[in-house]
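Dear colleague,

Please find below the structure for your review.

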Amino acid sequence: MITPENGMLLVALLLLFCIAFSRYLSKAGIPTLVFFILAGMFLGSDGMGGIYFDQASIASNVGNFAICYILFAGGMATRWESVRPVLVPGILLATVGVIITAVLVAFFAYFLLNFSMLEGLLLGSVVSCTDAASVFSILRSKDMNLKGTLAPLLELESSSNDPTAYMLTITVISLMTSQGETFFSFVLMLVMQFSIGIALGLGLGWLGVFVMNRIKLNSDGLYPVVAVAIAAVVFSLTQILKGNGLLAIYLAGMVMGNSKMTYKTSIVRFFDGVSWLMQILVFVTLGLLVFPSQLPGIFLPGMVIGLALMFIVRPLAVFPILHFFEYSTKGKLLVSWVGFRGASSIVFATYALSAGLPAGQTIFNIVFFVSLTSVVLQGSTLAPVARWLGQLDTEDHALVARTFTDYEDDLRGALYEMRVVSSSSAVGTVVQDLKFPDDARILVIRRGNNSIMPTGKTKLMEGDVLMVLADKTENLVNLKSQWGFA
């Protein structure tokens, strides 16, 4: 019998074990969160844990709750300066690209798997979004500096395409379960959901900034709690008013993250931790919901849909959109390959289970299989594929990250890492003699396990790592070559 104490101990040990094991998954380019899905499967009725869980409605509610805070955290960590250059192609991929994906998958399911057209469209809608958690995890774990604006484009797309996939999913389910509804009424519903979601997301986001800046609390630790409550109000109120809550909460997070706000840096970091906790929660829950004994039966249809998504559907959704922007063919191929399916798709698949559709269980199992294989196969090969396509920035390898979610309050420019090696002429030199350009400054020096706030008299030692903020790459490249930094 599982007591509350035994359950708490089991959960704690599971968390610690999975996090400790994550370093080995990261080396293989596989997101840590995949391990939590496997952990849920291990604890489930077909696994060693023997926990019987088949409540799709509970899993759906848990998933919705988790996705809300994952999107809010993603919105808060989105810097407008980084998003702006990729805003148009990113939004097109997150809307038009999602619709193209859903329709193409529907045709594959209809002609190859004997699904009805509506069942195929439901399957396509569910798998039409890419997974932000997987994209973020793999890009960071492999320390890949992708050329140009590829990384911000991929992260913007993956963090903003859930609302479109969500709307398509609930619309198709409504078409399959409602009587007497017209196509026009559903188009009107989509327009209303987008309009209300955008209006309330932006409006409540600005209101949230106003509240955070005006409220006076006795404890600094209460400010993140207020932000949690604001996020809940944004989502729930938008849903009550028949808008798209996922779109609204992402926009509200973006507004708050890009405004001057009390304790903003600490709040952003708090939500980064909340996002991880929510991702773990939803992955373990979805793992519990899966019955592994049923997966062999959908191996063939799962492979058909998975391979079609990777090699046909995703490129056909990406290339026509990016054709109108300055991306090379190899860049488009890389964007096509980074089409990871993940938690959001599996959560949306629980809607089909909850609705009691005849094909609900089959769709859920196929989506689970496709998502897991997509993350493992495409995630583990992303670095080699990017290198093969020549989309890694090898000349500027000191750049810590080009992704827009690496946030520091009120800092402008890019963050660079410069290492003092034994052959460097900077060994023994004081900081002021390095003569850094005016648009660059050393934020901190890492020396062993310590961090040093530098002054002009700080003497550099072999092994020091300088974290430098700069506006222009070329100035630092020259400085790096002059002093022999690695």
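Of the 486 residues in the chain, 52% are buried, where buried means under 20% relative accessible area, exposed over 50% and partly exposed in between, with a 1.4 Å probe and protein chains only. The model is predicted: local features need pLDDT of at least 70, side-chain atom pairs count only at pLDDT 80 or more, and totals for chains, interfaces and linings use all residues. Residues are numbered from 1 along each chain as its sequence is written, and side-chain values use heavy atoms, with hydrogens and water left out.

The chain has 18 helices and 4 strands; these are DSSP runs numbered from the N terminus, with helices being H or I of at least four residues and strands E of at least two. Among contacts in the chain with a separation of 6 or more, 79% are between residues 24 or more positions apart, a contact being heavy atoms within 4.5 Å.

Helix packing

Two packed helices are described by the angle between their axes and the distance between the axes. Here, axes are lines fitted to C-alpha atoms, for helices over the stretch in contact, and angles run from 0 to 180 degrees between N-to-C directions.

Helix H3 (residues 56-76) packs against helix H13 (residues 264-289) at an angle of about 155°, with the axes 8 Å apart. H3 is therefore roughly antiparallel to H13; angles under 35 degrees count as roughly parallel, over 145 as roughly antiparallel, 65 to 115 as roughly perpendicular and the rest as oblique. The crossing of H3 and H13 is left-handed, meaning that the near helix is turned anticlockwise from the far one by less than a right angle, whereas clockwise is right-handed. By class, this contact of H3 with H13 has 18 nonpolar, 4 polar and no charged residues. Ala, Val, Leu, Ile, Met, Phe, Trp, Tyr, Cys and Pro count as nonpolar, Asp, Glu, Lys and Arg as charged, and the others, Gly among them, as polar.

H14 passes H17 in a right-handed crossing. Residues of H14 in this contact include Phe299, Pro301 and Leu309, while those of H17 include Phe369, Thr373 and Gln378. The contact of H14 with H17 divides by class into 10 nonpolar, 5 polar and no charged residues.

Burial and cysteines

In helix H8 (residues 150-160), 11 of the 11 residues are buried, so H8 is largely enclosed by the rest of the structure. Among them are Glu155 and Glu157.

Phe35 lies in helix H2 (residues 32-43) and is buried, at 16% relative accessibility. The C-alpha atoms of Phe35 and Phe21 are separated by 8.5 Å, with the two residues 14 apart along the chain.

The structure holds 0 disulfides, the criterion being a pair of cysteine sulfur atoms within 2.5 Å. Cys68 is buried, with a relative accessible area of 4%, and Cys129 is buried, at 0%.

Yours sincerely
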